[in-house]
Amino acid sequence: MSYPTTFPLAATGSEQILTLTNPKPHLWIIELHNGADNRLTAALIDGALQPALDVVEKAWRERWRSAQEVKGKEGGKGALIIVGRRSQDKFFSNGFEYESVVSNPNWFNQTANPFLARLLTFPSIPTIAAINGHCFAAGMMLSLACDYRVMTDGSKRNAWMTMNEIHFGAPWPLSFAALMRTKVTDAATQRKIALEGHRFTPKEALAAGILDHIVEGNTAAVLAKAEEVAETVSPLAREGVWGIIKTDLHRQALEMMARDPRPVHALIDDAAAKSRL
């Protein structure tokens with residue numbers, strides 16, 4: 001595989017919505033550039049993100065196998081960074097594309113949930129979300145599925161983290177609740193995220209333990225800090241058990257995420273209550 005590689009692989013021009021680079025032998029960077037705000041569409045998840053993860057995992061595993069015969073296993077190091085479009089500082093991701101969700105009854109159990117579960121337990125190397133702008137709804141879930149989160153501090157341009165479904169009447173799928181519970185353990189913070197739809201500033205998110213680092217500056221500064229984190233944690237991949245341990249750590253969340261979601265909205269919920277009361 002040569003780099004940079006764009007996805008979907010057969011796409012050209014504006015249809016190329018993800019770029020994968022390999023700036024160091026043990027580091028891969030996924031850049032999302034799906035429109036202005038990186039909506040998580042079927043094309044991005046199934047046609048770009050999942051195939052890009054395939055490439056990263058295959059490349060790392062080949063390096064890891066070769067490294068087993070070398071003292072110190074340095075070749076087994078690895079890390080993956082996911083960043084929003086590098087040429088802007090406004091959005092990491094604005095969440096799911098509404099049309100993709102409402103038009104596809106299998107959206108969660110066939111597209112969204114398998115992707116979030118895979119990223120949560122990516123079986124090879126540490127993952128870092130380089131959050132270079134607003135991180136809304138499913139975009140926030142994407143970042144929570146990563147192992148580490150680095151975000152702009154919002155001093156140059158406003159940047160928010162929020163799960164705003166409560167404000168427009170969208171119930172959470174099981175995958176969202178499971179992912180939040182395994183990554184955000186404080187009950188008051190869970191309430192603030194899920195039931196209040198609070199817009200966290202980067203400083204608030206850092207204080208709440210949602211973020212690991214905040215950085216003053218633009219996308220380049222966020223990415224530089226993410227690469228610094230990657231250099232620190234990449235040796236943890238050398239023994240090949242990073243993903244094995246993560247899978248056990250998040251097993252309860254994975255079991256919940258694997259359940260088929262029940263289609264429900266406010267009118268369906270009220271109809272059930274009306275028949276009961």
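Predicted model: local features only at pLDDT ≥ 70, side-chain atom pairs only at ≥ 80, totals over all residues.
A crossing counts as left-handed if the near helix is turned anticlockwise from the far one by less than a right angle.

The helices are α4, residues 138-145, and α6, residues 174-183. Their axes come within 10 Å and cross at roughly 45°. That angle makes α4 oblique to α6, because angles under 35 degrees count as roughly parallel and 65 to 115 as roughly perpendicular. The crossing of α4 past α6 is left-handed.

Which residues of α4 and α6 make the contact? On α4 they are A138, M141, L144 and A145. On α6 they are F176, L179, M180 and K183. By class, this contact has 7 nonpolar residues, 1 charged residue and no polar ones. K183 of α6 belongs to the contact, and Lys counts as charged.

Now turn to the sheet. It is open and has 3 strands, in the order β5-β7-β9. The pairing is parallel. β5 (91-93) and β9 (161-162) stand at the edges. Each has a single partner strand, so one side of each is left without a neighbour in the sheet.

Strand β7 covers residues 134-136. β7 pairs with β9 in the parallel sense, over 2 bridges. There, C135 has M161 of β9 as its bridge partner.

How does α4 lie relative to the strands? α4 lies across β5, β7 and β9. Against β7, α4 runs at about 95°.

Definitions and conventions. Residues numbered from 1 in each chain as written. Heavy atoms only, no water. Axes fitted to C-alpha atoms, helices over the stretch in contact; angles between N-to-C directions. Helix = DSSP H or I, 4+ residues; strand = E, 2+ residues; numbered from the N terminus. Parallel < 35°, antiparallel > 145°, perpendicular 65-115°, else oblique. Contact = heavy atoms within 4.5 Å. Pairing = 2+ DSSP bridges.
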